[in-house]
Each structure stands twice: as C-alpha cells, then as structure tokens.
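Open the model in your viewer and keep the selection tool at hand.

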Amino acid sequence: AGDTTLVKAVARAFRWRRMIEAGRYSTIDDLAAGEKINSSYVSRLLRLTLLAPDTVEAILDGRQPSEMTLLELMKGVPTIWEFQRWQPRRF
C-alpha cells in the first residue's frame, strides 16, 4: 500500500504549480491566501514538484522506500535529480 498522505501532497503540489503557471495566482503568497494555508507550507510543498519524474511515479505507484515520507521530503530535496535518488538521511 502506498503512503496516501505523500500521494495527496504530491498531487496538491502539482495542482498548485499548475494554478500558478496558468495565472490563477501570481505569487505563492496569493496562492496561500486563496487556499487559506500558510505560505511557508505552500513553499515547502511546492518543492515536491522538483522531484525527478521517476521518483514522482514511484510515489504515485506506492513503490517509494518506506523511509521516503512527506516529513522527510518537506525537509528539502536536492534540485538535481541524480542527487535525489533516495538514500535515508542524505538530505
């Protein structure tokens, strides 16, 4: 079984990114206000859109390592995909 919290977070992050790209919101602060969520949380969640496509696919399919939790990913991820390959506590 997959991590439904992580799957929902990834889906939300990509939906928010599409909203910004489509011009519905012009800034993260606007999006946060529109969604009634803290802008710091929005910023941290939007980082999930920087995950490598194979990592996103693994999350959506429930194949990510058990240590790859939303809490761990919210601590930050490298923006270079090769450096994202999951190794517990590397980032």
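A nonpolar core here is a set of buried Ala, Val, Leu, Ile, Met, Phe, Trp, Tyr and Cys residues joined through side-chain atoms within 4.5 Å. Keep in mind that this is a predicted model.

**Stop 1: the core**

Select W16, L45, L48, L51, I59, L70 and L73. Of the 21 residues in the largest nonpolar core, these seven touch the most other members. Now colour by helix. At least two core residues come from each of α1 (4-21), α2 (28-35), α3 (39-46), α4 and α5. Which helix gives the most to this core? The answer is α1, with six residues.

L70 is then in contact with D3, T5, L6, A9, L45 and L48.

**Stop 2: α1 against α2**

The crossing is right-handed. On the α1 side, select R15, W16, M19 and I20; on the α2 side, select I28, L31 and E35. These residues make the contact. By class, five are nonpolar, two are charged and none is polar.

**Stop 3: α2 against α3**

How far apart are the axes of α2 and α3? They are 9 Å apart, and the helices pack at an angle of about 110°. The range for roughly perpendicular is 65 to 115 degrees, and α2 and α3 are therefore roughly perpendicular to each other. This crossing is right-handed. Select I28, D29, L31 and A32 in α2, which meet S39, V42, S43 and L46 in α3. The contact of α2 with α3 divides into five nonpolar residues, two polar and one charged. I28 and L31 also belong to the contact that α2 makes with α1.

**Stop 4: α1 against α4**

The axes of α1 and α4 come within 8 Å and cross at roughly 130°. The two helices are therefore oblique to each other. Is the crossing of α1 and α4 left-handed or right-handed? It is left-handed. L6, V7, V10 and F14 of α1 make the contact with V56, I59 and L60 of α4. Colour this contact by class: seven residues are nonpolar, with no polar and no charged ones. I59 is also among the core residues selected at the first stop.

**Stop 5**

Is Q64 buried or exposed? Buried means under 20% relative accessible area. Q64 has 13%, so Q64 is buried. Leave out residues up to four places away in sequence, and Q64 touches D3, L6, A58 and I59. D3 and L6 are also among the contacts of L70.

Next, select M68, placed in the loop between α4 and α5. M68 is buried too, because its relative accessible area is 4%.

Key
Residues numbered from 1 in each chain as written. Predicted model: local features only at pLDDT ≥ 70, side-chain atom pairs only at ≥ 80, totals over all residues. Heavy atoms only, no water. Buried < 20%, exposed > 50% of the residue type's maximum accessible area, 1.4 Å probe, protein only. Contact = heavy atoms within 4.5 Å. Helix = DSSP H or I, 4+ residues; strand = E, 2+ residues; numbered from the N terminus. Left-handed = near helix turned anticlockwise from the far one by under 90°. Nonpolar A, V, L, I, M, F, W, Y, C, P; charged D, E, K, R; others polar. Axes fitted to C-alpha atoms, helices over the stretch in contact; angles between N-to-C directions. Parallel < 35°, antiparallel > 145°, perpendicular 65-115°, else oblique.
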